Amino acid sequence: MTKLLELQGVSKTYGKNTVALSEINFSVNEGEFVSVIGPSGAGKSTLLRCINRMIDSTSGEINFDGQAVQKLNKKALRQFRTKIGMIFQHYNLVDRLTVFENVLHGRLGYKSTLAGAFGFYTDEEKRQALELLSILGLESQVYKRCDQLSGGQKQRVGIARALVQKPKLLLCDEPIASLDPNASKVIMDYLQTICKSMGITVMVNLHQVDVALKYSDRVIGISKGEVVYQGDPRFMKEEEIHHIYGSEAGELIFNLSEESHYVG
Amino acid sequence: MLDNFFLRKRLKLSLLIVLILAITYGAILIAEYDIIKGFTSIPEAFVWGVQNFYPDANAFSRLPNILNKLIETVLISVASASTAAILAFLFAILGSHTTRINGFFASISRLFATLFRNIDVAVWSMILLFSFGQSALTGYFALFFVSFGFLTRAFTETIDEVSNDSVEALRATGASYISTITNAVVPSSAPQLISWLLFMIETNIRSATLVGILTGTGIGFLFDLYYKSLDYHSASLVVIMVVIAILALEALSNFIRRVIL
Ligand SMILES: Nc1ncnc2c1ncn2[C@@H]1O[C@H](COP(=O)(O)OP(=O)(O)O)[C@@H](O)[C@H]1O
Ligand SMILES: [Mg+2]
């Protein structure tokens, strides 16, 4: 298996004193589905944003697809970001624009400033956008404004926008934290399909331990900015989960039944 | 203990009221303002208004001239607000937390906005009178500066409020800075920006009358002229026309708001 992403000793300090990440080491293989779990404020969002340099890490090395991420100049950074799709808890769509326009925004990274500024898209790009929307079950919403959609539909638009980038990696920051259980399942199932059948590597921050255990090939546990667990969810023990969350047995709601370990 | 707490609160409130009354009384004494005469003269003023301050036939013969100046005033208000809006948008982009390039430009933008907004339109008129003399340009620039200050502030806050999340998403796709502005910031904030612009135009028409009196241009100049020549009938027609213009514009902008928002 080839390594797609590797972090070595990555740290991030906000201001002078807030240590959000300290000495993070891990790597992600191509085609892997990795979940990052940990309590609020552990540094999960910061970690994802350091990977695509929405936030600049303070020290350490990040390698993605053979590139040293921190050394990229402005132009190379734009090019690099096209290879990574990002999905957000609050969808981050332009609500007043249509579904179609929002999905096409995923192509802006490939465009010259002029073509991008005026939103000139090729027929091929439009065709791809429509194809993705139909795969995600949104063919009847194409010309609707995004503020008329449900949360689950908005998140699928967010996924389509990320996929139209033709990314190698999807970074998902709590993609189901604002969704009801049904919509959550739909979104997680899509992410799984994207990973397994399109071969796109998925890295997802999650609040729900059960979901992380059910869908991932690997779980990374973060606590207070440090990686405190890494491993296959099938062999994860209850104490290890409590260690990540700094809790005592019986304080957390999750279910380590056999069934939840099945993928799919 | 508990009684004491409420007693203290009541005591504080009473002290505050006494303080306010004392300040009011002090101000009246210093200004030598006769409060009783002030209020009793309201009916008198009203009677004078009914007897003199209405348009007569002679006043209506001046209507074409009045309309002419009114249109000039409206156009200056629209022009000053619109051109100020363009500059304000650029400054707001630099000043907003979401879209700023760096802290230096952001501070400059905020400083300009504060400076221009907090100098009153009357003060600007007086300052500009020295440079441009009594011309329409003076009025235009006085309104332009105040509009620029106000709109920069309003636009900055709108952009901060409206486009934070989508800007993050577009930056993450690798979109260029300009693409992010045109594809995320503009569509998200446009209706609110236009709404602020309409508000500014309304405000400018109100101030334009005052500016006109000070700078000797537009409808304000005409009012001043009639008023000083004791032609109260014509002066009243000017006031009525200004009120009608303001109401019409407000109705129009409310209609536009309903359509775009
Ligand atoms: N922009 C910021 N400025 C300062 N501190 C921040 C900023 N963003 C996050 N932090 C701090 O960094 C730590 C990690 O935050 P975050 O990555 O958002 O955690 P999580 O996503 O796991 O909840 C927290 O202590 C948070 O307060
Ligand atoms: Mg977070």
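Between chain B and chain A, the count is one salt bridge, a salt bridge being a side-chain nitrogen of Lys or Arg within 4 Å of a carboxyl oxygen of Asp or Glu. Let's start from that link and then look at the rest of this predicted model. Being predicted, the model needs pLDDT of at least 70 for local features, and side-chain atom pairs count only at pLDDT 80 or more, while totals for chains, interfaces and linings use all residues. Residues are numbered from 1 along each chain as its sequence is written, chains are lettered from A and ligands numbered from 1 in the order in which they are written, and side-chain values use heavy atoms, with hydrogens and water left out.

**Where the two chains meet**

- The partners in that bridge are B:E168 and A:R49, with their closest N and O atoms 2.7 Å apart.
- A:R49 and B:E168 also belong to a network of salt bridges that includes A:D173.
- How many residues of chain B are in contact with chain A? There are 20, and they touch 26 residues of chain A (contact means heavy atoms within 4.5 Å).
- About 1900 Å² is buried between chain B and chain A, and carbon and sulfur atoms give 56% of that; buried area is the accessible area (1.4 Å probe) that two parts lose on being put together, summed over both.
- On the chain B side, B:A172, B:T173 and B:N183 lose the most area to chain A, together 28% of what that side buries.
- Nine residue pairs across this interface are in polar contact, both residues at pLDDT 80 or more. A polar contact is a pair of N or O atoms within 3.5 Å; within protein, one must be able to donate a hydrogen and the other to accept it, and residues adjacent in sequence count only if both atoms are side-chain atoms.
- Helices α7 and α8 (177-215) of chain B each supply at least two residues of the side that touches chain A. Helices (H or I, at least four residues) and strands (E, at least two) are DSSP runs, numbered from the N terminus.
- Sorted by class, that side of chain B has nine nonpolar, eight polar and three charged residues. Here Ala, Val, Leu, Ile, Met, Phe, Trp, Tyr, Cys and Pro count as nonpolar, Asp, Glu, Lys and Arg as charged, and the others, Gly among them, as polar.

**Salt bridges elsewhere**

- Over all chains, a search of the whole structure finds 23 salt bridges.
- A:D65 pairs with A:K168, their closest N and O atoms 2.9 Å apart. The two sit 103 residues apart: A:D65 is in the loop between β4 (59-64) and β5 (67-68) of chain A, and A:K168 is in the loop between α6 (151-163) and β7 (169-173).
- Buried means under 20% relative accessible area, exposed over 50%, and partly exposed in between (1.4 Å probe, protein chains only).
- A:K168 is also in contact with A:L4, A:F64, A:K83, A:I200 and A:T201, among others, leaving aside neighbours within four places in sequence.
- A:K111 and A:E125 form another salt bridge, at 2.9 Å between the closest N and O atoms, and both residues are buried.
- A:D147 and A:R145 meet in a salt bridge too, 2.7 Å from N to O. A:D147 is partly exposed at 37%, and A:R145 is partly exposed at 30%.

**Nonpolar cores**

- The largest nonpolar core has 103 residues, and A:L170 and A:L191 have the most contacts inside it. A nonpolar core is a set of buried Ala, Val, Leu, Ile, Met, Phe, Trp, Tyr and Cys residues joined through side-chain atoms within 4.5 Å.
- Helix α7 (residues 136-173) of chain B gives this core its largest share, 12 residues.
- Beyond four places in sequence, A:L191 is in contact with residues including A:F33, A:I87, A:I159 and A:L170.
- Another core lies apart from that one, with 34 residues, among them A:V10, A:F26, A:A76 and A:M86.

**A buried serine in chain B**

- B:S80 is in helix α4 (residues 63-95) of chain B and is buried, at 0% relative accessibility.
- A polar atom of the B:S80 side chain lies 3.0 Å from the backbone oxygen of B:S77.
- Not counting residues up to four places away in sequence, B:S80 touches B:Y140, B:L143, B:F144, B:S147 and B:N204.
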